[in-house]
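Please keep the sequence and the 3D view open while reading.

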Amino acid sequence: MAVVHGLLRRSLSGASPLPSSLRGLLLASPQELGRRPASSDAAAAAEGDVADQLRAAREDVRHLLKTKPCHPILVRLGWHDAGTYDKNIAEWPRCGGANGSIRFGIELVHGANKGLMTALLLALPIKGKYKGVTYADMIQLASATAIEEAGGPKIPMIYGRVDTTSEEQCPPEGRLPAAGPPSPADHLREIFYRMGLCDQEIVALSGAHTLGRARPERSGWGERETKYTKNGPGTPGGQSWTPEWLKFDNSYFKEIKERQDEDLLVLPTDAVLFEDPSFKIYAEKYAEDQDAFFKDYAEAHAKLSNLGAKFDPPEITS
Ligand code: HEM
């Protein structure tokens with residue numbers, strides 16, 4: 001109930017009214033919120049069943065992506081659920097991470113999450129069809145599938161994440177990175193090292209900005225529109241990092257390195273990847289070698305998707 005109360009009570013700027021189908025979904029009982037039978041034969045059978053449901057949910061996400069160019073925002077949703085992880089906190093779910101807590105209104109209204117209601121409204125109806133798939137898994141499944149469907153590498157995902165069940169379990173605001181901090185390299189290290197990630201992973205994961213746009217009305221970054229965004233696809237507007245911002249490739253690194261095109265976005269935290277001596281080693285490599293980028297990206301994305309996750313039953317591969 002806290003889910004729906006959280007969402008309905010808070011005024012989410014830019015959010016459309018909840019459709020009735022979604023309202024029903026959000027009212028799911030705590031038992032349905034990611035709980036599956038514990039050990040025993042029944043659990044083994046349920047695990048098989050869950051694997052089938054995960055496969056079916058992935059097909060639904062693929063279908064969604066064919067009808068709606070929402071790859072970028074689904075990736076951002078997955079990143080923002082997982083990226084609150086703090087490796088210095090042992091207790092779950094206080095450590096944050098990939099536990100589905102972003103679906104609660106109290107977290108969704110964090111400044112960094114502006115606009116992500118749209119992504120939830122796309123992912124949750126699919127989750128509603130598959131009771132064995134947790135919210136946390138659904139969010140990560142949608143993100144990995146979006147990368148793959150945009151032409152990116154296959155992400156070696158595992159599933160079985162347990163969900164948080166109330167807004168009291170949401171992380172505090174401020175755990176995600178800012179785009180224009182005074183010292184971008186120090187800031188990125190502070191945030192990503194807290195998640196247990198290293199320089200190479202920071203650079204590889206930043207390559208996700210090959211997809212999508214920044215919108216002034218959401219993050220305060222980017223132009224209102226550019227020649228690459230004024231006609232969509234999807235809702236027109238915003239500023240992208242790459243010309244073909246629905247295609248996952250290494251063009252982000254090439255564009256950031258060259259900085260020739262004023263219509264393309266370079267955040268301070270993007271620019272620093274070619275300025276900091278340690279980041280630069282990887283950024284140069286990825287600009288030259290797409291295969292190397294894909295390999296490192298796939299591993300880093302999978303690691304990100306597991307941050308802070310508690311798996312029950314033990315990990316299901318798909
Ligand atoms: C390195 C630190 C990062 C910073 C400071 C940052 C910042 C931002 C900002 C300001 C936006 C624009 C949001 C908007 O206006 O709607 C954005 C969009 C985006 N970010 Fe990041 N980000 C970072 C890392 C990441 C990572 C690690 C991923 C995924 C692995 C990611 C994926 C995306 C995607 C796909 C979008 C486009 C969303 C859309 O088009 O709706 N970002 N990011």
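## Nonpolar core

This is a predicted model. Its largest nonpolar core has 76 residues. Leu74, Leu77, Ala123, Met138 and Ala142 touch the most other members. Helix H7, residues 135–149, gives the most to this core: nine residues. Domain 1 (51–175 + 303–317) and domain 2 (184–300) both contribute, so the core lies between them. In soluble globular proteins, nonpolar side chains tend to be buried together.

Take Leu77 as an example. Leaving out residues up to four places away in sequence, Leu77 touches Ile102, Leu116, Ala119, Leu120, Ala123, Ile139, Ala142 and Ser143.

## Helix H9

Is H9 enclosed or open? Seven of its eight residues are buried, so H9 is largely enclosed by the rest of the structure. The buried residues are Asp199, Glu201, Ile202, Val203, Ala204, Leu205 and Ser206.

What covers them? The cover includes four helices: H8 (184–194), H11 (268–271), H12 (277–288) and H13 (290–306).

## Backbone features

Most residues other than glycine have a negative phi, and most peptide bonds are trans. Some places in this model depart from that pattern, as follows.

The peptide bond from Trp92 to Pro93 is cis, with omega near 0 degrees. Pro93 sits in the loop between H4 and helix H5 (105–108). Gly232 and Pro233 are also joined by a cis peptide bond, with omega about 5 degrees. Pro233 is in the loop between E2 and strand E3 (239–240). Arg259 is not a glycine, yet it has a positive phi of about 50 degrees. Its place is in the loop between helix H10 (251–258) and H11. Arg259 has 12 C-beta neighbours inside 10 Å, so it counts as exposed.

Notes:
Residues numbered from 1 in each chain as written. Predicted model: local features only at pLDDT ≥ 70, side-chain atom pairs only at ≥ 80, totals over all residues. Core = buried A, V, L, I, M, F, W, Y, C linked by C-beta atoms within 7 Å. Buried ≥ 20, exposed ≤ 12 C-beta atoms within 10 Å, placed from the backbone. Helix = DSSP H or I, 4+ residues; strand = E, 2+ residues; numbered from the N terminus. Domains from an automatic or database assignment. Contact = placed C-beta atoms within 7 Å.
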